[in-house]
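Work through the exercises below with the sequence and the model side by side. Each task is followed by a solution in steps.

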Amino acid sequence: MSSTDHAAAVHQVHRDDYGSRLGMWLFLFTELILFGGLFIVYAVYRFMHQQEFHLAAQELNTTIGLINTIALLTSSMTAAMSITAMQKGNLRFSKGLIWVTIGFAFVFMVNKYFEWSAKIHHGIFPGSKDLLAKPDGEILYFGLYYVMTGLHTFHVIVGVIFFLFILRQIKQGKITSDRYVRLENSALYWHLVDLIWIFLFPLFYLIH
Amino acid sequence: MSEHQHQESHVIEYGNYIFIWLGLLAFTGITVTVSGINLGNWTIVIALFIACIKSWYVLNYFMHMKYEEMVFKIFILTALFTFFIFLGFTFWDYSFAR
């Protein structure tokens, strides 16, 4: 075996896309348990304070929630498509789709900013006098609203950072049409963000 | 290992993604419409049911679970099973504690 053959063999051994994806999925399961715990807290408190949850949910703007749902669903599609483009060797299109994904992430965050600002302007934020004057169920609803959508938005920010990192690696030639597991894993993370929102949207915005 | 590498290179066409995306938008439309109708306790059941259908499509097509090997599917079922144990026992506890 010549030294170049040996180097090629070592290179093969160190590359395990299958294992990378499996590792990413294991990480996503920890995310499921993280958000799952919050969903259970939500379920129990909603069960205990049904009327107050209904009343508190009237304060949320369904249109903003709907726009954000569409933004995340669409960005999930473009993230998935960027893998197809990469597989076909169309690096430019792949990068373009990642930029579109990032663009939708910003649409989501700008919306969230206006939504939270409006709530805070109306005196609804954790620990505010106006909120503490409300019944227990409404305080719990808004507490969960801020924690769950806040943690979710934090994941959106992390997703954007992942994608910027991916764009840089494509530029550096570290991600190519036959070596793209990092793009796949970043997309998996992004789809998880979408999945969580699929449940957050009806549970917080659509209680009528 | 090279076998795995061959298996993973399943290319899903853009058109299929657009099709799934349209389906997801349609389900979003249904869930918003249904929430406007007063169905009492069924409202939340229908909303969660639709959310589960949407998740199923995202998992299988966007996240390529459909094309992954069995071990991935066993993992995800184990994770969901664990979550439902947490959920089930919490509610079991609440229904007896009061």
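**Exercise 1: The overall form of chain A**

Chain A has a radius of gyration of 21 Å, while a compact globule of 208 residues would have one near 17 Å (taken over C-alpha atoms; the globule rule is 2.2 Å times the number of residues to the power 0.38). This is a predicted model, in which local features need pLDDT of at least 70 and side-chain atom pairs count only at pLDDT 80 or more, whereas totals for chains, interfaces and linings use all residues. Residues are numbered from 1 along each chain as its sequence is written, and chains are lettered from A and ligands numbered from 1 in the order in which they are written.

Task: Describe the extent and the elements of chain A.

Solution. 
1. The C-alpha trace of chain A spans about 80 × 30 × 25 Å along its principal axes.
2. Chain A contains eight helices and zero strands (DSSP runs numbered from the N terminus: helices are H or I with at least four residues, strands E with at least two).
3. Of its 208 residues, 36% count as buried (20 or more other C-beta atoms within 10 Å of the residue's own; exposed is 12 or fewer, partly exposed in between; C-beta atoms are placed from the backbone).

**Exercise 2: The largest nonpolar core**

Task: Which residues touch the most other members of the largest nonpolar core?

Solution. 
1. The core has 64 residues, and A:Ala80, A:Leu200 and A:Phe204 touch the most other members (a core is a set of buried Ala, Val, Leu, Ile, Met, Phe, Trp, Tyr and Cys residues joined through C-beta atoms within 7 Å).
2. The largest share of this core, 16 residues, comes from helix 8 of chain A.
3. Not counting residues up to four places away in sequence, A:Ala80 touches A:Ala187, B:Tyr17 and B:Phe62.

Key:
Two residues are in contact if their C-beta atoms, placed from the backbone, lie within 7 Å.
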